Amino acid sequence: MHKITSKYLRPLLKKREAISHKGDYGHLLLVAGCQYMPGAAVLATGAALKSGCGLVTLHSTARAEQAAVSLFPSAMLSEDPGECFSRVPDGLLRFTAIAVGPGLGRTKQTEEAFASLLARVQEQEDVIPMVLDADALFILAAHPEFRKLIPAGSVMTPHEVELRRLISWNTPEEKDSAVKAFCAETGSVIVAKSHLTEIYTPEGEKYTNTTGNPGLAKGGSGDVLTGLIGGLLARGYTALEAATLGVWIHGKAADALTYKCTAEAYSSFDLINALYLGFKALD
């Protein structure tokens with residue numbers, strides 16, 4: 001087992017070239033939110049824009065997009081015509097990563113759109129890695145046949161309940177074996193979110209995070225993490241690099257907010273604006 005520390009992460013951090021432009025730093029497609037859960041899309045969008053990737057496009061419903069762009073005007077928009085995720089956006093090749101799931105909803109229409117998205121990604125000549133979270137994981141658990149469509153090099157970010165929907169175990173030893181087998185089957189990295197977040201790889205390795213605190217036990221914290229890891233994946237980090245950097249920076253921001261505000265009194269939105277402190281700690 002490996003511990004995720006600043007010493008481990010610092011050599012992984014990419015630098016920005018003096019002569020470069022936004023197109024050099026990746027383009028994330030974020031599929032999140034619906035008419036009745038727009039906040040998840042807002043939080044994930046804000047975090048993605050703090051990740052260092054060059055461009056972020058939010059594909060969501062009108063209400064979620066209006067809320068997101070009012071707070072984060074640098075996000076680009078791809079409007080879904082329905083009240084939930086119902087249509088796969090065109091031009092997937094322009095994206096270097098896709099994050100899907102926060103606030104998506106669980107309607108039949110959304111299940112079908114998610115299946116279409118996975119199939120369309122598989123059709124692309126170049127692999128587009130994905131981050132799967134929240135309702136995307138719920139749909140995946142309900143339809144195990146979708147597993148074969150997950151592109152290699154993707155990241156899944158389940159909390160304990162979501163992880164148990166995907167796989168089952170009785171003891172901690174069984175859990176490790178089951179999660180590692182799932183990673184190997186899908187070619188994906190699993191971020192098992194908990195008070196001590198653990199990351200599993202297809203190669204059978206396990207990493208344990210060393211940042212974070214109970215202040216993260218609030219709605220929206222996971223949406224922030226999804227946007228952050230998605231942006232890092234789009235930026236060009238591998239699945240393991242994006243996952244380890246994402247959970248450590250996310251937790252480091254939470255630690256800074258707990259010191260400043262107490263664990264009780266900061267929100268998930270505050271977390272977005274503190275992510276820079278995690279990056280700064282690795283400079």
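Start with the sheet: 10 strands form an open, mixed sheet in the order β1-β10-β9-β8-β7-β6-β5-β2-β3-β4, where two strands pair if DSSP finds at least two bridges between them. Helices (H or I, at least four residues) and strands (E, at least two) are DSSP runs, numbered from the N terminus. The model is predicted, so local features need pLDDT of at least 70 and side-chain atom pairs count only at pLDDT 80 or more, while totals for chains, interfaces and linings use all residues. Residues are numbered from 1 along each chain as its sequence is written, and side-chain values use heavy atoms, with hydrogens and water left out. Select β1 (2–4) and β4 (76–79) to see the edge strands, each of which pairs on one side only.

Next, select β2 (residues 27–31), in which five of five residues are buried, meaning under 20% relative accessible area with a 1.4 Å probe and protein chains only. His-27, Leu-29 and Val-31 lie on one side of β2, and Leu-28 and Leu-30 on the other. With β5 (residues 97–100), β2 pairs in the parallel sense over four bridges; Leu-29 stands opposite Ile-98, and Leu-30 has Ala-99 as its bridge partner.

Move on to helix α4 (residues 108–123) and helix α5 (residues 135–142), whose axes come within 11 Å and cross at roughly 85 degrees. Axes are lines fitted to C-alpha atoms, for helices over the stretch in contact, and angles run from 0 to 180 degrees between N-to-C directions. The two helices, α4 and α5, are therefore roughly perpendicular to each other, a term that covers angles of 65 to 115 degrees. Thr-110, Glu-111 and Phe-114 of α4 make the contact with Ala-136, Ile-139 and Leu-140 of α5, contact meaning heavy atoms within 4.5 Å.

Finally, select helix α9 (residues 239–261) and helix α10 (residues 268–280), which pack at an angle of about 110 degrees with their axes 7 Å apart. Among the residues that meet here are Trp-248 and Leu-257 in α9 and Leu-271 and Phe-279 in α10.

Note on methods. Buried < 20%, exposed > 50% of the residue type's maximum accessible area, 1.4 Å probe, protein only. Parallel < 35°, antiparallel > 145°, perpendicular 65-115°, else oblique.
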